[in-house]
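This briefing concerns a single protein model and is organised by topic. Please inspect the sequence and the structure shown below before reading on.

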Amino acid sequence: MKKTECALVQDLIPNYLEQLTSEETNVFIKEHVMHCRECKKILEESTAEVEETETQEKNQTLKIDFLKKVKFTKKAGIFCITIAIVLLLFSGGIVYHNTGLPLSLDDLEIQERRTEMVTIRDEETGQTTEKEILHYKINYEKEGRYITSRYSYKPGDPIIIFKLYSKWGDGGKTIDGSIEIEGVNTIYLEGESGNKMTLWKRE
Ligand SMILES: [Zn+2]
């Protein structure tokens, strides 16, 4: 891995997280972090920071709205109680917005799943290893909702479970990426109420 490529990727990460980069650049970054531990770490840390900031900003906006509304009311007592209830419901909404709601697997379409052997070069030792990678692309068709996922995997575990969630507001209609599948037999997509669908199974 060339050092200059790392510098370039690291420069692009803030724009990438703001979704300002082109599809071509996104592919470049995704492929790079698949092979580069240092950049992968930076990307993960930056992602966590952005999510933290977004939550703080939303909470801040809520507080300001709340204060504005209180100023306008004359029946302040009742109004405050009402606002407090709304606020409570609304903050529940924010939690859902950030983590997402479980989705129905009926709304999904698997557009791509192909495996590939890639050669990965360790930056420190210079050694190369062959790794088996699954490329996947899942499309989500639901009006006004977007998709997000989280997956749990421990090395040596033959099963990977992708938990899928739908979000309101902004987001993507597809999830695509690559995952290392050495020693993996099955990858499941998990939707609402824990029902599962196979994304990929070793033949
Ligand atoms: Zn790098």
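How many bridges join strand β2 to β3, and in which sense do the two strands run? The strands run antiparallel and 13 bridges join them, with β2 covering residues 108-121.

The model is predicted: local features need pLDDT of at least 70, side-chain atom pairs count only at pLDDT 80 or more, and totals for chains, interfaces and linings use all residues. Residues are numbered from 1 along each chain as its sequence is written.

**Overall organisation**
- The protein has four helices and eight strands, where helices (H or I, at least four residues) and strands (E, at least two) are DSSP runs numbered from the N terminus.
- The order of elements from the N terminus is α-α-α-α-β-β-β-β-β-β-β-β.
- Of the 203 residues in the protein, 12% are buried; a residue is buried if 20 or more other C-beta atoms lie within 10 Å of its own, exposed if 12 or fewer, and partly exposed in between, with C-beta atoms placed from the backbone.
- Among contacts with a separation of 6 or more, 63% link residues 24 or more positions apart; two residues are in contact if their C-beta atoms, placed from the backbone, lie within 7 Å.

**Strand pairing**
- Two strands count as paired if DSSP finds at least two bridges between them.

**Nonpolar cores**
- A nonpolar core is a set of buried Ala, Val, Leu, Ile, Met, Phe, Trp, Tyr and Cys residues joined through C-beta atoms within 7 Å.
- The largest such core holds 15 residues, and F162, L164, I187, L189 and L199 have the most contacts inside it.
- At least two residues of this core come from each of β3 (128-140), β5 (159-168), β7 (186-190) and β8 (196-201).
- Beyond its neighbours within four places in sequence, L189 is in contact with L105, L108, F162, L164, K196, M197 and L199.
- A second, separate core has five residues, including V9, I29, C39 and L43.

**A loop residue with positive phi**
- Q19 lies in the loop between α1 (3-17) and α2 (23-35).
- Its phi is near 60 degrees, a positive value in a residue other than glycine.
- Most residues other than glycine have a negative phi.
- Q19 is exposed, with 10 other C-beta atoms within 10 Å.
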